[in-house]
Amino acid sequence: MAAPGVVQPTPGPVTAPGLRVFVGRPTASPQEAANWTRRQVWANNLHSIVGRAYPRVRGLTREPSWLVFQMLLPFLTTSSFVFVYRALDAPPAYIGFVVIGGAMTAFWLNVVWMMAAQLYWEKDQGNLELYFAAPMNVMSVLVGMAVGGLVMSSTRAISIMFIATVVFGVSFSISQWALLIAVFVLTLAALYGFGMMLASLFVMWGREAFHLTQLMTEPVYFVSGLNFPVGRLGFIGALAIALIPLAVGLDAMRQLAFVSTGPTGTPEPWVEALILVAMTAIFIGLARWLLHSMEERARREGRLTVRWR
Amino acid sequence: MSGSIQAPAIDARGITRVYKAKPTDVTALAGIDLEVAPGEFFGLLGPNGAGKTTLIKILTTLLLPSSGSARIFGFDVATETKKIRRIMNMVAGGEQSGYGILEAREQLWMFSQFYGLGAREGWRRVDELIDAVGLGEQRNQRVSTLSTGQRQKMNFARGLLNDPWVFFLDEPTLGLDVSAARSVRELMVGWRAAVPGRTVLLTTHYMAEADELCERIAIVDRGRILAIGSPAELKRRVQRESIFRLELDRLSGGPGGLARLPGVISAVAAIDATKDGEAPTRQTVVINLVLREDSALAGVVAALDGLGAHIVALAKSEPSLEDVFVELVGRGFEEDDRDEADPMRRAGPADRAPVEPHEAGQPDPGEEV
Amino acid sequence: MIDTNIVDRTTVEGNRFDPARARGRGTTDLVRSFRTAAALGWKMEANWTDPLLFFIYSVAKPVASALILVFMLQVIAGPSGIALRPFVIVGSALWSFVVSGVAGLAWAVLDDRERYRMLKYIYVSPSSFLTILIGRGVARLAVGAMGAGITLAVGVVVLGVPFEPLAVNWPLLVIVLVMGVVTISALALVMAAICLQTRQESWDYPEVVVGALFLVVGAVFPLSVLPLPLQVFGLISPLTWWIAGVRQALFPGGPSSIGGPGSLWQQLSGQLNPSAVQVVIALLVSGAIVTLASAILFRAGEARAKDRGLIDRTTGS
């Protein structure tokens, strides 16, 4: 080991003894190397999830600007809507609505920007073709991205919830903790399943998809009732609950976290939990199918690589 | 030996690939037939736009052929993609892929997970390969800070993570300086020496690289293979005479007498004056000899000896692979680059010289290797 | 054959380099750079295969932002909230313009650095980097202006906002709009400088920053609702005066976001609401300070990026 500051000369050409390191896992034939057991396939996919999540988790510690941009400033944005309600002398529960909405925004933005648009960016950077040329299922890559993204957005969500709860004195009235936790987990599963589904679509739609992510912020906030009970939107709200995981998850969590606010005109939390289960299954199933279709179509049309942006 | 015949490492038959484009579709491959034996270092040599990368993308399962079939060790590229991806890897030149926020070691570890290695096994393998490719000092450096050559070494290490049985290298030294390119070539050679029986398919438009590394080369142009053979075989196609350059201390009477010797087609002389520092200028006579065959040289040497001339230097000129290309197509690689810019020249195969592919010296399929 | 148009700007005497060749043409170059960058920015913004989608995208976002606030009003205040609609709709429309403008320059930096890998070539060209960035951002400002205008129109036509064109203070409107564009561009420059330092994932930073400013500028609620320390931030922000000025111009006599009973403004000035002249002067002074500060910050950010080799890096996770 060289002393600090001492630069070792770059090693010369690889010599015979060092060449042994080129042999990692010897196999007798390409047929043996190609035929994996089911266990090997599963292990490969699980390891790939961890592998793909790694850059996102590692990135959190390498560029600390997110502390300001992902925690402090979003809290201020949420606070704006708190003050709107305060200006209107709204009941305290509505402050809680806004706080939960602000926290869930973190996950939604992560799904839109870091999931839906991600494979499109990967194609731009030349990573997409490397993923498809590797033996793992590309769904593992999407799941890994989701896991990494969850870590990123959870920090934002928790900080908003905690700070806002303390600063604005939000008091929760929770009677069904298990259901609340289940709804929260299901909401995330449905959200990220939705993101995985969009990821494949966006690869094929290209730049149009990038613009479409713009549509998936304020318009979706509105129909999801990010800052007000979605039941007030009538038919639009009902449609949102049926289609948008953010809407149904938010409404269920609000009903469970603020029991004292009374009926909201929307389904019971356990019904919304079932909707989330169905959404999760549908979105993940669609994500698998779309990913496979996308790959086939991309291989047919030559869209896995990009020569010009 | 068990006597069983191993499938070819690469077996492509009638591969065509047409891209939909406006105003007319682009035919990138127009019927490629190719067979690469296991353990062979095979080169695809051709100018930009010849279809080399398209062919590699088909063989690496990233692209489907419009028609035809291809197999890697017997596995179909269209339907057995997973199996192929377990036994092959690819590295392209000019790659900017990767995550800049990660260190080189981490970047490689991430890919080790994609290729089926366990977590700890992955770190161990990555550390071994990083040292093997000469990136030891950069292992903890962020990918975004690596130089082009270092990045390509890292890519090369990535390509070796899964001990590929077939290694596809798509212009791997593109954009590298002389030293970095040499390092990468040495790695290729070193890897094959360490792990015999592995197959490499290299695409390049650097003739010297193909000449140096490849056991057999296919010359590709506009989606077709024009010729296949070893570098020596391909050069023999175009070299019908032997060309020598002799440097003599003197030559009395001029080269006329040499030109009349048996087997000599032409002899041209020139005075070459070189000044060596403060020393007086040294004059030599340079003779460019064109002979019908190498054996005629003996007669020339004897004649020169008889004239009292001493041979200071003797060198044989060999054609380059570009000479082979020019012979086959009627234009050079640089002309091709200029033609690329001229829309009138990109019309299609109509202006291509009709040439039958020549597979000089290819072993018979049934021949034992 | 040598193109004499090219030679016209080159004086080569006996193969010696003429330093005059390295001199620019001042304002002419700046104007040309700006125009070219603005044209490029517009081509990229308007690069849609379907113009309808482009329109929807430009309009849906700001209209939805306004509707969120309208529904919040509706939920709490019911029919009596209608009187506050002009207040929130104007604020929301203008705020979407701010988001668009600030994001424009920042996204131009990220786009050019990460996706098109052209930032380094732009940087080393003789054109002013600052001018090119601002030119690139103009297109998104224009798109934002269109969205804001349509949101206001929707508010008037659909949501019942009472609007009297004859009552509008047009001179005040023009003055504050022009000064507001300058201020927004200045803020955008600061975001661009920040994005030069950060990695690809900072796409949402402009929206996050603007979202935070949303708290203190009286966009959708009067400053008097805020604790006093936050009201101070509001009063020194040029965006606060800009929004108040536009509101005052469009709806003279309507509620002010700056003043009101118990507001810091009232405590400091003794007046309930600022006059038009006061708004213009405050906007001018605060805008000038912010513009100067942003120019300094941009240069500092640019120097830091150059020093650390960030201009041509690519990141990503």
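View 1. From α5(A), Gln118(A), Leu119(A), Tyr120(A) and Lys123(A) meet Ala199(A), Ser200(A), Phe202(A) and Val203(A) of α8(A), where contact requires C-beta atoms, placed from the backbone, to lie within 7 Å. This helix contact comprises 5 nonpolar, 2 polar and 1 charged residues, with Ala, Val, Leu, Ile, Met, Phe, Trp, Tyr, Cys and Pro counted as nonpolar, Asp, Glu, Lys and Arg as charged, and the others, Gly among them, as polar.

Residues are numbered from 1 along each chain as its sequence is written, while chains are lettered from A and ligands numbered from 1 in the order in which they are written. Because the model is predicted, local features need pLDDT of at least 70 and side-chain atom pairs count only at pLDDT 80 or more, whereas totals for chains, interfaces and linings use all residues.

**View 2. Val57(A) sits in helix α2 (residues 38–62) of chain A.** Val57(A) has 16 C-beta neighbours inside 10 Å and so counts as partly exposed; a residue is buried if 20 or more other C-beta atoms, placed from the backbone, lie within 10 Å of its own, exposed if 12 or fewer, and partly exposed in between. Beyond its neighbours within four places in sequence, Val57(A) is in contact with Gly148(A) and Val151(A). The C-alpha atom of Leu150(A), 93 residues away along the chain, is separated from that of Val57(A) by 9.4 Å. Chain A as a whole has 13 helices and 0 strands, helices (H or I, at least four residues) and strands (E, at least two) being DSSP runs numbered from the N terminus. Of the 309 residues in chain A, 52% are buried.

**View 3. Chain A meets chain B through 44 residues of chain A and 46 residues of chain B.** On the side of chain A that touches chain B, two or more residues come from each of α1 (30–34), α2, α6 (127–133) and α13 (269–301), and α2(A) gives the most, with 11 residues. That side of chain A divides into 21 nonpolar, 16 polar and 7 charged residues.

**View 4. Chain C touches chain A with 39 residues, against 41 residues from chain A.** Helices α3 (51–77) and α8 (205–213) of chain C each supply at least two residues to this side of chain C, and α3(C) gives the most, with 15 residues. By class, the side of chain C that touches chain A has 27 nonpolar, 8 polar and 4 charged residues.

**View 5. Helix α6(C) has a kink of about 25° centred on Val138(C).** The bend at a residue is the angle between axes fitted to the seven residues ending there and the seven starting there. Helix α6 (residues 129–157) of chain C has 29 residues, which should span 42 Å at 1.5 Å a residue, and this agrees with end C-alpha atoms 42 Å apart; the expected span is 1.5 Å times one less than the number of residues.

Key:
Contact = placed C-beta atoms within 7 Å.
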